[in-house]
Amino acid sequence: MTTFRYDEAFVGLVALGVVVWLGFRLWRGLGEGWLPIGKGRLARDERPGAFRALFAFYVVAALLMAFIGLDLLVGLELGN
């Protein structure tokens, strides 16, 4: 018998919220042609290779956060 862990559910929901935020940031970045990095911006026209690398970093971060959120909410137990 397992009990429902509210702290895991809260962290899972926060992680999925971060996924939504990252997705919005990627969508806007593709549309506007720039992504934020630190306090600055990285424009696609000025440095296309660096833009693609940063975009890939954002995608990997979103996928990892989605995995963490789903693992905590659904209890996939893939990390154990």
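Me: What should I know about the numbering and the model?
Reply: Residues count from 1 along each chain as its sequence is written. The model is predicted, so to speak only of what passes: local features need pLDDT of at least 70, side-chain atom pairs count only at pLDDT 80 or more, totals for chains, interfaces and linings use all residues, and side-chain values use heavy atoms, without hydrogens and water.Me: At what angle do the axes of helix 1 and helix 2 cross?
Reply: Helices are DSSP runs of H or I with at least four residues, and strands are runs of E with at least two, numbered from the N terminus. Axes are lines fitted to C-alpha atoms, for helices over the stretch in contact, with angles from 0 to 180 degrees between N-to-C directions. Here helix 1 (residues 6-32) and helix 2 (residues 48-74) cross at roughly 155°, their axes coming within 8 Å. Angles over 145 degrees count as roughly antiparallel, under 35 as roughly parallel, 65 to 115 as roughly perpendicular and the rest as oblique; helix 1 and helix 2 are therefore roughly antiparallel.

Me: In which sense do strand 1 and strand 2 pair?
Reply: Pairing requires at least two DSSP bridges between two strands. Strand 1 (residues 34-37) and strand 2 (residues 40-43) pair in the antiparallel sense over four bridges. Trp 34 has Ala 43 as its bridge partner, and Leu 35 stands opposite Leu 42. The hairpin has two residues between the strands, and Gly 38 takes a positive phi near 65°.

Me: Which charged end sits over the ring of Trp 34?
Reply: The criterion is NZ of Lys or CZ of Arg within 6 Å of the ring centre and within 35 degrees of the ring normal. Arg 41 has its charged end over the Trp 34 ring, 3.9 Å from the centre.

Notes:
Heavy atoms only, no water.
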